[in-house]
Amino acid sequence: MREAVSDSNPTSSPPPQALLERLKDYGQEDVFALWDELSSEERDILVKDIESLDLSRIDRIIRCSFNSQGVPAAAIEPVPESIVSTVEERTMEDRERWWKMGMKAVSEGKLAVLLLSGGQGTRLGSSDPKGCLNIGLPSGKSLFQLQAERILCVQRLASQSINEGSKTVPPIHWYIMTSPFTDEVTRKYFESHKYFGLEADQVTFFQQGTIPCVSREGRFIMETPYRVAKSPDGNGGVYSALKFSRLLEDMATRGIKYIDCYGVDNALVRVADPTFLGYFIDKGVSAAAKVVRKAYPQEKVGVFVRRGKGGPLSVVEYSELDPSLSSAINQQTGRLRFCWSNVCLHMFTLDFLNQVANGLEKDSIYHLAEKKIPSAHGHTSGYKLEQFIFDAFPYAPSTALFEVLREEEFAPVKNANGSNFDTPDSARLLLLRLHARWVVAAGGFLTHSVPLYATGVEVSPLCSYAGENLESICRGRTFHAPCEISF
């Protein structure tokens, strides 16, 4: 029990009247419910915390979001397969042409990489940023290091692709979105590892915003008697964060035209993928996404849909899609009608990011994520309000989808080892198996002391980006799995 502030104490004055009236206008006056029990210092913290909030904006977000949940079945249609570049329809000539187009854009400094890294690894049993996670590879590399080295590899390949001798390739700029919970640790992690071989000035950190957590009635939840519980505003907060940090102008100044955007928790992500970039440029669209076929109806992934008859492409989260639609079968193909899974691998033009940074905030519709929220009264049921990166797709004048194979490009790390799926162990195994196939295709041999399906080899991103250029390293050699192959 907190000790009440003495009535004789000069700090026992009521809450600031003007602020209290503003809170009453939005039905949030309960934040002052324990005012009489607070010390003078705690009252100051609470007042400053409330004054820092844009109450009218937050009230609009809460009302719009509570009124916009659920997706009526009649409101969406499956994405026609004709507008998806599928793996089986792509020719080797297409791939080579797109690779060269992408490499040309990289060599001209037109590509930037945008990493969504605001989350902590709480489901993984860690409070550190997810990118710091070591998934148990032979090299011991973290997700951050794997991604940095893939950027270095693309830079080297782009340099080799130009035939102008002394011409240097501009470094690929890496924009990394953190949150107030991960920013300091992330910066120190990069500094302590000397940016994994990248130049310090080609990496820019910026923070996403936060938004109050609310009860099922839309009231602010108090983390403590004098502080509102807040959470990051979702990876869709990247648009307003880029605008607020003036990084869209920074990109324009650098001559950047295209932005490769992805989530941190994918051990197989092909950062700055030249083939995807070339496809994007070739199609001349504003936005694109890599997709994988949904593995089974209940898989917890969002799917691309069309909003209305011939409407824009959009993504419906698994929690918002009616179960009857999740399991619906296309009678002609025998596949799921809603089968194109969003795996947070996107490409945008800078012009489109500028458009979205202004338009998305105007609509103010956030997703409600029901969670147990730490509060002054213990963990309580409530909602975190989030925007998602894919909320921007309906704004796109034109969109393209690019199918990739899950075993080549999608190894999510979301749950602790011991869970049934998407663990560090499962991601490690996917990477080792893929790289083992690369080595065998390059003429190498593997031996192993455990079943090969449970192990494999790791190829350093500094050696090969996607299995290329391994013959000189692997042909005729035998490698004992598990091990790392590096220069």
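Helix α6 (residues 183–192) holds both D183 and R187, which lie 4 residues apart, about one turn of the helix. Helices here are DSSP runs of H or I with at least four residues, strands are runs of E with at least two, and both are numbered from the N terminus. The model is predicted: local features need pLDDT of at least 70, side-chain atom pairs count only at pLDDT 80 or more, and totals for chains, interfaces and linings use all residues. Residues are numbered from 1 along each chain as its sequence is written, and side-chain values use heavy atoms, with hydrogens and water left out.

**Salt bridges**

- A search of the whole structure finds 24 salt bridges, each being a side-chain nitrogen of Lys or Arg within 4 Å of a carboxyl oxygen of Asp or Glu.
- D183 pairs with R187 in a salt bridge whose closest N and O atoms are 2.8 Å apart.
- D183 is buried at 9% relative accessibility, whereas R187 is partly exposed at 32%; buried means under 20% relative accessible area, exposed over 50%, and partly exposed in between (1.4 Å probe, protein chains only).
- K290 forms a salt bridge with D273, with 2.7 Å between the closest N and O atoms.
- K290 lies in strand β11 and D273 in the loop between β10 and α9, so this pair ties together parts 17 residues apart in sequence.

**Helix α9**

- In helix α9 (residues 274–283), 7 of the 10 residues are buried, so the helix is largely enclosed by the rest of the structure.
- The buried residues include P274, F276 and Y279.
- After α9 comes G284, which has a positive phi, near 65°.
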